[in-house]
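Here's a quick walk through a protein model for anyone who likes to see the geometry before setting anything up. Have the viewer open as you read.

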Amino acid sequence: MRMSRGQIGRRLLGLAVVGAGLAFGGAAFAEVMGQPAPWEFKLQEAATPVMENITWFHNFLLWLITAITLFVLALLVIVVVKFNSKANPVASKTTHHTLIEVAWTIIPVLILVAVAVPSFRLLFLELDIPKADLTIKATGKQWFWTYTYPDNGPFEFDSLMATDKQPRLLAVDNEVVVPVNKVVRVQTTASDVIHSFAMPSFGIKIDAVPGRLNETWFKATKTGMFYGQCSELCGKDHAFMPIAIRVVSDQEFTAWVETAKKKFASNPANSYASAGTAVAQ
Ligand SMILES: [Cu+2]
């Protein structure tokens with residue numbers, strides 16, 4: 001069916017509106033870091049070297065599979081057009097072509113090597129935890145997180161979703177606070193069922209398993225608020241136990257530790273002894 005000029009014009013206009021919407025959306029929400037944005041269709045902006053690496057690898061693979069898919073599509077189109085029974089009534093009896101056979105073996109191997117090298121480099125970056133400047137321990141509970149700072153003092157606090165704060169479903173009452181440009185070791189465990197500690201802009205996602213201590217790390221290179229969510233189905237309020245990390249300067253962090261020691265030490269609900277009862281309720 002042929003389209004009239006008017007139809008073509010309207011289609012183009014429609015495309016332009018969608019394009020402008022996407023561009024505007026990207027520009028309008030680009031400044032919101034550390035949380036998902038409306039109409040977002042790519043990874044959240046990276047705030048750690050690991051996430052920068054993940055983003056690079058993701059883009060690299062996207063271009064690679066696009067090229068491979070287009071190449072295969074082109075081959076299929078050639079076959080359909082040139083070798084259908086009308087265009088090519090007498091089929092060729094060719095069975096072997098050494099050069100092509102060598103090529104279609106060697107080239108995929110090279111492509112796999114090109115994927116494997118950055119893939120393993122990224123895996124080692126994620127799993128080989130550098131010397132940590134501080135440790136935070138996150139304990140998943142139905143349905144909130146409890147945090148301790150083993151290097152910074154004997155305080156423990158619960159972090160529950162705050163319904164009166166923005167961003168909706170991501171804000172919490174007590175945020176995790178960490179210093180910028182410092183290697184933070186994250187230890188995760190759980191006290192009831194399996195949870196998962198995930199922070200998209202840091203490139204981390206690690207299960208929190210009862211009776212086990214898992215470890216990962218991040219080095220946030222930007223200050224600000226960052227949000228993540230429990231990423232393992234853990235019960236009815238799985239969607240309502242967000243993770244909020246505030247990345248601050250060294251001085252602000254030291255000051256926060258002092259405040260936290262006082263604030264949380266005086267709160268019996270947050271002491272080690274009553275942590276078990278809080279869960280049972
Ligand atoms: Cu959970």
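## Ground rules

This is a predicted model, so to speak of local features a pLDDT of at least 70 is needed, side-chain atom pairs count only at pLDDT 80 or more, and totals for chains, interfaces and linings use all residues. Residue numbers start from 1 along each chain, as its sequence is written.

## Overall make-up

The protein has 5 helices and 10 strands. Both are DSSP runs numbered from the N terminus: H or I over at least four residues for helices, E over at least two for strands. Of the 281 residues, 22% are buried. Here buried is 20 or more other C-beta atoms within 10 Å of a residue's own, exposed is 12 or fewer, and partly exposed is in between, with C-beta atoms placed from the backbone.

Contacts are pairs of residues whose C-beta atoms, placed from the backbone, lie within 7 Å. Among contacts with a separation of 6 or more, 65% link residues 24 or more positions apart.

Helix 2 (residues 49-82) runs for 34 residues and reaches 49 Å from its first C-alpha to its last, close to the expected 50 Å. That expectation is 1.5 Å times one less than the number of residues. The number of buried residues in helix 2 is 2 of 34, so it lies largely in the open. Helix 3 (residues 98-127) has 30 residues and reaches 43 Å, close to the expected 44 Å. With 0 of its 30 residues buried, helix 3 also lies largely in the open.

An unreviewed UniProt entry annotates residues 60-81 and 102-124 as "transmembrane region". UniProt positions are given in the numbering used here, feature names are shortened, and such annotations may be inferred rather than shown by experiment. In the model, residues 60-81 are 100% helix, with end C-alpha atoms 32 Å apart. Residues 102-124 are 100% helix too, and there the end C-alpha atoms lie 33 Å apart.

Strand 5 (residues 184-190) runs antiparallel to strand 8, joined by 5 bridges. Threonine 188 stands opposite asparagine 214 in strand 8.

Strands 9 and 10 pair in the antiparallel sense over 6 bridges, and glycine 224 has valine 247 in strand 10 as its bridge partner.

## The core

Which residues touch the most other members of the largest nonpolar core? Among its 40 residues, they are Ile136, Val178, Val186, Phe202 and Ile245. Strand 10 (residues 242-248) gives the most to this core, with 4 residues. A nonpolar core is a set of buried Ala, Val, Leu, Ile, Met, Phe, Trp, Tyr and Cys residues joined through C-beta atoms within 7 Å.

Leaving out residues up to four places away in sequence, valine 178 touches Ile136, Val184, Ala220, Ile245, Val247 and Phe253.

Methods
Two residues are in contact if their C-beta atoms, placed from the backbone, lie within 7 Å. Two strands pair if DSSP finds at least two bridges between them.
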